Amino acid sequence: MLHRKPRILVVGSFVMDVIAATEKIPGSGQTVYGKSFHMAPGGKGANQALQCARLGADVTMMGAVGDDLFGQQLLEPLQAAGMDTSHVAVHSGIHSGVGHVTLEVTEHTAQNRIVVIPGANRTLTVDEVRWIQDAVSGYDLVLLQLEVPIEVNRAVARWAREAGVPVILNPAPATELDDKLLSLVSYLIPNEQEASQETHLPLRFDGNGPHDEDLRAIAAALRAKGVEHVIITLGGYGSAVAEASGPRYIPCVRMEHVADPTAAGDSFVGALSTALAVGLTEDEALTLASFTAAITVSRLGAMPALPTLPEVLGLIENRGGAGFDLSLLDALR
């Protein structure tokens, strides 16, 4: 176990979410009235980084924003959380990333549809992240996603592997990855659609959840590509540690009301990364991540919904405990 705050490097995206909530998604050529509108800073990289920081990790964020108003607003929550954003590239003449979120709201739940315009995120270069090659050995973990150019992820993952630093990759949005990147990854954390798309294998569900044999096949295919650990998030079915011998499940922590699932996966990945970096076992880390994500879906927006460590510990206490000794988290307090 670490006896200090874990140091986590996140290389990823910044996206300003423009959110329209409605009771009915319009069809083609149709106009409907919405219930509300607001903007919230997000982006998979920035969301995951901020979740790590709010749980107590010492976080450095690397990415790119435009020289526009959104660029300034996207950095503010990270800086307020004490994160190091000094390496973030500001690109002139291009807009920051924007996400158009349509949120279909019912009495007790909400579903989202998202269109992301990457903007500055796709202009990040290997040269701009080259400082990481010399600095990466000072971190306990590197966290990556797929909203920045793949060559940037490959370079950072290679430098981390050479320095003996674990790499977590959240392969989202879903795309087909090259085997070179996968061979450099310590933990791959896809959702069910991403796991199926990456391996070209089905992941079927019935009333009891996913089929064990499908998870075994997916785990075997990913391990054959060099991935050391595979954890698949399964929405309302929780998450599974996918192993060749069979999956190990961690249940979902359910909330009475789901306000917005937009950042649920990012909250889960950020919490899991922090917990692994501080020294928790996989099952302990997955449990903490499940409680963290549960709070996130009960709130509106991406970054504004991400909980702090005291909030997560409060929910754990309210639900009767986490099943492991919470003093293991003392380095985060």
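1. Contact, in this note, means heavy atoms within 4.5 Å. Leaving aside neighbours within four places in sequence, Arg223 is in contact with Glu228, His229, Val230, Ala242, Glu243 and Ala244. The model is a predicted one, in which local features need pLDDT of at least 70 and side-chain atom pairs count only at pLDDT 80 or more, while totals for chains, interfaces and linings use all residues. Residues are numbered from 1 along each chain as its sequence is written, and side-chain values use heavy atoms, with hydrogens and water left out.

2. Arg223 belongs to helix 7 (residues 212-224); helices (H or I, at least four residues) and strands (E, at least two) are DSSP runs, numbered from the N terminus. With a relative accessible area of 30%, Arg223 is partly exposed, a class that lies between buried, under 20% relative accessible area, and exposed, over 50% (1.4 Å probe, protein chains only). A polar atom of the Arg223 side chain lies 3.2 Å from the backbone oxygen of Glu228. Glu243 is 20 residues away from Arg223 along the chain, and the C-alpha atoms of the two are separated by 8.9 Å.

3. Which strands stand at the edges of the sheet of eight strands? This open sheet has the order 4-1-9-10-11-14-15-16, with mixed pairing, where two strands pair if DSSP finds at least two bridges between them. Strand 4 (58-62) and strand 16 (248-250) are at the edges, each with a single partner strand, so one side of each is left without a neighbour in the sheet. Strand 1 (residues 7-11) pairs with strand 4 in the parallel sense over five bridges, and Ile8 stands opposite Val59 in strand 4.

4. Helix 8 (residues 264-278) lies across strands 1, 9, 10, 11, 14 and 15, and runs at about 165° to strand 9 (141-144). For such angles, axes are lines fitted to C-alpha atoms, for helices over the stretch in contact, and the values run from 0 to 180 degrees between N-to-C directions.

5. Strand 2 (residues 15-22) and strand 7 (residues 97-105) run parallel and are joined by eight bridges, with Gly97 in strand 7 as the bridge partner of Val15.

6. A nonpolar core is a set of buried Ala, Val, Leu, Ile, Met, Phe, Trp, Tyr and Cys residues joined through side-chain atoms within 4.5 Å. The largest has 59 residues, and those with the most contacts inside it are Phe14, Val59, Met61, Met83, Leu272 and Leu329. Among the elements that each supply at least two residues of this core are strand 1, strand 4, helix 2 and helix 8. A second, separate core has 42 residues, including Val152, Ala160, Val185 and Ile232.

7. In helix 6 (residues 192-199), Glu192, Glu194, Ala195, Glu198 and Thr199 are buried. Seen down the axis of helix 6, its buried residues fall within an arc of 165°, so they line one face of the helix; the arc is that of the directions from the helix axis to the C-beta atoms. The cover over these buried residues includes helix 5 (179-182), strand 12 (205-206), helix 7 and strand 14.

Methods. A polar contact is a pair of N or O atoms within 3.5 Å; within protein, one must be able to donate a hydrogen and the other to accept it, and residues adjacent in sequence count only if both atoms are side-chain atoms.
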